[in-house]
Amino acid sequence: MSDTRRSFVKKSAMAGLGISMLPDFALSKQNDRKKGGKKAGKVRLGFIGVGLRGIQHLSNALKREDIVVPAVCDIDPARIKIAKEMLEKAGHNKTVFYAHRESAWEKMLKEVELDGVIISTPWLWHTVMCVTAMRAGVYAGVEVPATTTMAECWDLVNTYEETGVPCMMLENVCYRRDVMAVLNMVRHDVFGELVHGRCGYLYDMRYEKFNDGKQWYGGGVEFGEKAIAEARWRTQHSVHRNADIYPTHGIGPMAVMMNINRGNRFMSLTSVATKSRGLHEYVVKNGGADHPNAKVRFKLGDIVTSIIKTANGESIIVTHDTNLPRPYSLDFRVQGTRGLWEKDANKVYIDGESKPRKWDESEVWLKKYDHPLWKKYEEEAKKTTYGGMDFFVLHAFVESIKAQSDTPLDVYDAAAWCSITPLSERSIANNGEPQDFPDFTKGQWIKRKPVYPKQDEYFF
């Protein structure tokens, strides 16, 4: 076993161990928090990880007047310097910085009084950082995916049920304007009863998975220790895992529309993967057949396809496609008994309202059902990253802290969505054998209600 693989496996195992042996606690322990209460003063928000994504979150936070930033942590002093300059420019002169050691984030959580923390680190750190924050009484806001193993899914759930401290996966696509308009259409029964969904993550990520060790994207075929940014850690998942390793951008919106964990749940999944060719060919084309990375056997199939069945009888096709040349798409399709929305075609068809068997341009429908949150906060959203989605995901997290309430996307959502990765891995390894989803809510999904009606506040 190579040192790189040994390190990867060791970290995966440690991250998966977490607190998986904690005793089970009833969901009723959270009732007091769900009743809510107001928190006085500004929200004290810490940041762990200020790489490209963490800096975006920090930039968006500094646009708000209700946030102070007592502490920032990153292992790279260069990233700390960038964050420090941003904070000083914004008038935040009392921030404490933690760097140099991998364990610096633990020290930060012990020493600094925080209300919430934003975690934007490599995936293998996400769960253990969330668990530690929750145990310290700090709301955890974590980048996607929140977990990478089934044990980690249970770690999040068990920790929440023990501590009552929320953890929100910052899945910003749930707040994309067209997605929220379609959610509004779903809630107004425009499509009738939902029957089927399609989604995924279809994105040429070869430039993220490889670089030359000098520039963030592309320019070479290095990954791991010879690379920088995402290629330093993200590509290892493509080397060692054959699974849908990044499902939440697609499945998140589908899960919200289908009321997963709130009157519905994922029941089973079956997955298949194609052969792996794209990453190898990229290395050979750009680095030559003699480059050491041309000898790497990438385990991740170029296209991973999963089919999910829900308790209420819907099916969802989820696709992971990141190794081949292609334009970006999340492949959204929402279909019910009266009609459907196709994102890539930008079309809507509604039986009895569209011309028979003729598509409508989606713009008219999306404008008609533009979500109240987007109407209310459009100007603020325009000032933030990812087309405004990041405003809403941060807003939901911060407002939840201020209200001392649960977050609209909770640990049960994180566990259900992220469990697609280990379940798809197991299904692929067993020739597409169906895999059952755990019921992370322990039966409470039957009576839990969607939070959508609070649409003029900060929920869906």
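Modeller: Seven of the nine residues of strand β8 (residues 194-202) are buried, so the rest of the structure largely encloses β8. Buried means under 20% relative accessible area, exposed over 50% and partly exposed in between, with a 1.4 Å probe and protein chains only. Strands (E, at least two residues) and helices (H or I, at least four) are DSSP runs numbered from the N terminus. This is a predicted model, in which local features need pLDDT of at least 70, side-chain atom pairs count only at pLDDT 80 or more, and totals for chains, interfaces and linings use all residues. Residues are numbered from 1 along each chain as its sequence is written, and side-chain values use heavy atoms, with hydrogens and water left out.

Biologist: Which strand pairs with β8 in the parallel sense?

Modeller: Two strands pair if DSSP finds at least two bridges between them. β8 is parallel to strand β11 (residues 315-321), with seven bridges; there, L202 has D321 as its bridge partner. Strand β12 (residues 333-336) runs antiparallel to β8 and is joined to β8 by four bridges.

Biologist: How is a pair of aromatic rings described?

Modeller: One gives the distance of the centres and the angle of the planes. Rings of Phe, Tyr and Trp (its six-membered ring) pair if their centres lie within 6.5 Å; planes under 30 degrees apart count as stacked, over 60 as edge-to-face and the rest as tilted. The structure holds 23 aromatic pairs. Y201 and Y203 are edge-to-face, because their ring centres are 5.8 Å apart and their planes stand at 85°.

Biologist: Is Y201 buried or exposed?

Modeller: Y201 is buried, at 6% relative accessible area, whereas Y203 is partly exposed at 25%.
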